[in-house]
Amino acid sequence: MLFEFSIKFISRVGGRGNLSTFFFISRLLGGLEKLKTDFEFKPPEKTSVMLFGKKDCPLCRRAKKILERIESGAGDIEKYYFDVDTLEGLSKAAYHNALDVPVLIVFKNGREIKRWREEDIPEESSIKNFL
C-alpha cells in the first residue's frame, strides 16, 4: 500500500528522479507508518459521504457547502471531510484514489456506490438520490 501511494504521489507532483521529491516522500511515508485512524481507511458500515478537498480550491469550497446541506436534511448519514494538504487527508485520498480534488464519494454498507470528481459534483438533490 505504501509503495502504491508513493508511486501515485510522485506521478502527481511530476517528480521523476527529483531528489527533493524523494526526500519529501521518504518523510511522508515515515509519517504514514505511524498513522492509525479511527476506521483504518475502511468506510463505516452506515451510509456515509466522504469529501476530499483543499482549503484554497474554489470547487472544493462549493462541494463542502453542498455536503453540509446534505447532512442537515438527510437523517442518519456520516460525513467526512479530508483536506489533502494534511498527512491524514492525503493518505486517505491516496487509498481511495481521490487525488484530483474535489472528490465526493458515497458509501453504503461499507461499499462505494457513487463517485463525483471536480466540477461534476452535483447539487445536493441529485446526491440524495444515492443516500
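Visitor: Which residue takes a positive phi in the hairpin of E3 and E4?

Guide: Welcome! Asn109 does, with a phi near 55°, in a hairpin that has two residues between its strands. Please keep in mind that this is a predicted model, where local features need pLDDT of at least 70 and side-chain atom pairs count only at pLDDT 80 or more, while totals for chains, interfaces and linings use all residues. Residues are numbered from 1 along each chain as its sequence is written, and side-chain values use heavy atoms, with hydrogens and water left out.

Visitor: What makes E3 and E4 strands, and why are they said to pair?

Guide: A strand is a DSSP run of E with at least two residues, a helix is a run of H or I with at least four, and both are numbered from the N terminus. E3 covers residues 103-108 and E4 covers residues 111-117. Two strands pair if DSSP finds at least two bridges between them. E3 and E4 have six bridges, so they count as paired, in the antiparallel sense. Within this pair, Ile105 stands opposite Arg115.

Visitor: How do you know that E1 pairs with E3?

Guide: By that same rule of at least two bridges: five bridges join E1 (residues 48-53) to E3, so these antiparallel strands are a pair as well. You can follow Val106 of E3 to both neighbours: Val49 is its bridge partner on one hand, and Lys114 in E4 on the other.

Visitor: Why is E3 called mostly covered?

Guide: A residue is buried under 20% relative accessible area, exposed over 50%, and partly exposed in between, using a 1.4 Å probe and protein chains only. Five of the six residues of E3 fall under that 20% limit, so the strand is mostly covered.

Visitor: Which residues of helix H4 are buried?

Guide: In H4 (residues 87-95) they are Gly89, Leu90, Ser91, Lys92, Ala93 and Ala94. Just after H4, Asn97 takes a positive phi of about 55°.

Visitor: What is the order of the elements along the protein?

Guide: From the N terminus they run α-α-β-α-β-α-β-β-α, with five helices and four strands.

Visitor: How do you know where the predictor's confidence is under 50?

Guide: We look at pLDDT, the predictor's confidence in each residue, from 0 to 100. Over residues 32-39 pLDDT stays under 50. The mean for the protein is 75, and 63% of its residues reach 70 or more.

Terms used. Contact = heavy atoms within 4.5 Å.
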